[in-house]
Amino acid sequence: MNKQKLIGFIDKYSLGNSIESVPWVVKDNNLSTDFVSEDRTLLGKTTLNNFELEDCQIGIYNTTQLQKMVAVLGNDVNIRLKKADERSIAVHMTDSEVSLNYMLADLDIIPKAPKLKTLPDTTAEITIDNDFTTKFVRAKGALSESDHFTVQIDGSGGKVILGESDTNTNKIKINVKTYTHSADGKLDPISFNANYLKEILVANRDHIEAKMEVCAGGLAILTFNNKDYTSKYYLVQTNV
């Protein structure tokens, strides 16, 4: 397979090394993982289509280590499982000149992402395009110490605000395209983790379709799609 597709999959869940330990699930030639951050304010699932490996569930304990090892390989990579007594113990990857062996972890020590059974109603939808991605990433670079972003919709339209939205401090406001489901067309300020959003946007620059649904009940749901990947992220409201 193409190494860059595998790297893209890893980037979309590791989010700048924010997520390390995950289960990989291969079923019907699709590779997916459900993951959760250590602070449990981020949940997600990423799927890579057309991944040629036998059906399995394997534990990846140190994603950063795996990324560094995969980077040594050439563009065309063959992947197979190494087993002992029918149990998968390692992933073996080769190109024409290099081979690597990545040891797998027991699934019992991999954090399990909770299942979200009931989601709050969507209050607003924000279009995520390349223009918004570029502006937010630059804003985060300018205000690197700001750990939160705030979504607000009022009479003047929708805004994503980096920095303290209701105090007289350094802040950057980005006007966004929104669609609201609320009766008055408004959304009171609600805040989420800006560091995670920046990494999500960077990892999914190759999207074709993308949106962020914001729930006044305290959740932001980000969805990205293209022909190779589907990614969904759930950001839990943070207290500023």
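The legends below describe close-up views of a predicted model.

**View 1. The nine-stranded open sheet.** Nine strands are arranged in the order E4-E1-E2-E3-E16-E15-E14-E8-E12, with antiparallel pairing. The edges are taken by strand E4 (56-60) and strand E12 (178-180); each has a single partner strand, so one side of each is left without a neighbour in the sheet. From one strand to the next, the twist averages 15°. Within this order, strand E3 (residues 42-48) and strand E16 (residues 229-236) are paired in the antiparallel sense over seven bridges. Leu42 has Leu235 in E16 as its bridge partner.

View 2. Three strands make up an open sheet in the order E5-E6-E7, and the pairing is antiparallel. Strand E5 (78-84) and strand E7 (99-103) are the edge strands, and because each has a single partner strand, one side of each is left without a neighbour in the sheet. Averaged over this sheet, neighbouring strands are turned by 25° against each other, direction ignored. Five bridges connect strand E6 (residues 87-94) with E7 in the antiparallel sense. Met93 is placed opposite Leu100 of E7. Helix H2 (residues 63-70) lies across E6 and E7 and runs at about 175° to E7.

View 3. Eight aromatic pairs are found in a search of the whole structure. In one of them, the rings of Phe132 and Phe136 have centres 6.0 Å apart and planes at 35°, so the pair is tilted. Both residues belong to helix H3 (residues 130-142), where Phe132 and Phe136 are four residues apart, about one turn of the helix. Phe132 is buried, with a relative accessible area of 4%, and Phe136 is buried at 0%. Phe136 also forms an edge-to-face pair with Phe149, at 5.8 Å centre to centre and with 85° between the planes. Because Phe136 lies in helix H3 and Phe149 in strand E9, this pair ties together parts that are 13 residues apart in sequence. Phe149 is buried, with a relative accessible area of 0%.

**View 4. Thr150 in strand E9.** Thr150 is located in strand E9 (residues 148-154). This residue is buried, its relative accessible area being 1%. The side chains of Thr150 and Ser191 are joined by a polar contact of 2.7 Å.

**View 5. An aromatic cluster, and a lysine over a ring.** One aromatic cluster is formed by Phe9, Tyr13, Trp24, Phe35, Phe224 and Tyr233. Lys12 lies over the face of Tyr229, 4.2 Å from the ring centre.

How values were computed: Residues are numbered from 1 along each chain as its sequence is written. This is a predicted model: local features need pLDDT of at least 70, side-chain atom pairs count only at pLDDT 80 or more; totals for chains, interfaces and linings use all residues. Side-chain values use heavy atoms; hydrogens and water are left out. Helices (H or I, at least four residues) and strands (E, at least two) are DSSP runs, numbered from the N terminus. Buried means under 20% relative accessible area, exposed over 50%, partly exposed in between (1.4 Å probe, protein chains only). A polar contact is a pair of N or O atoms within 3.5 Å; within protein, one must be able to donate a hydrogen and the other to accept it, and residues adjacent in sequence count only if both atoms are side-chain atoms. Two strands pair if DSSP finds at least two bridges between them. Axes are lines fitted to C-alpha atoms, for helices over the stretch in contact, and angles run from 0 to 180 degrees between N-to-C directions. Contact means heavy atoms within 4.5 Å. Rings of Phe, Tyr and Trp (its six-membered ring) pair if their centres lie within 6.5 Å; planes under 30 degrees apart count as stacked, over 60 as edge-to-face and the rest as tilted. A charge sits over a ring if NZ of Lys or CZ of Arg is within 6 Å of the ring centre and within 35 degrees of the ring normal.
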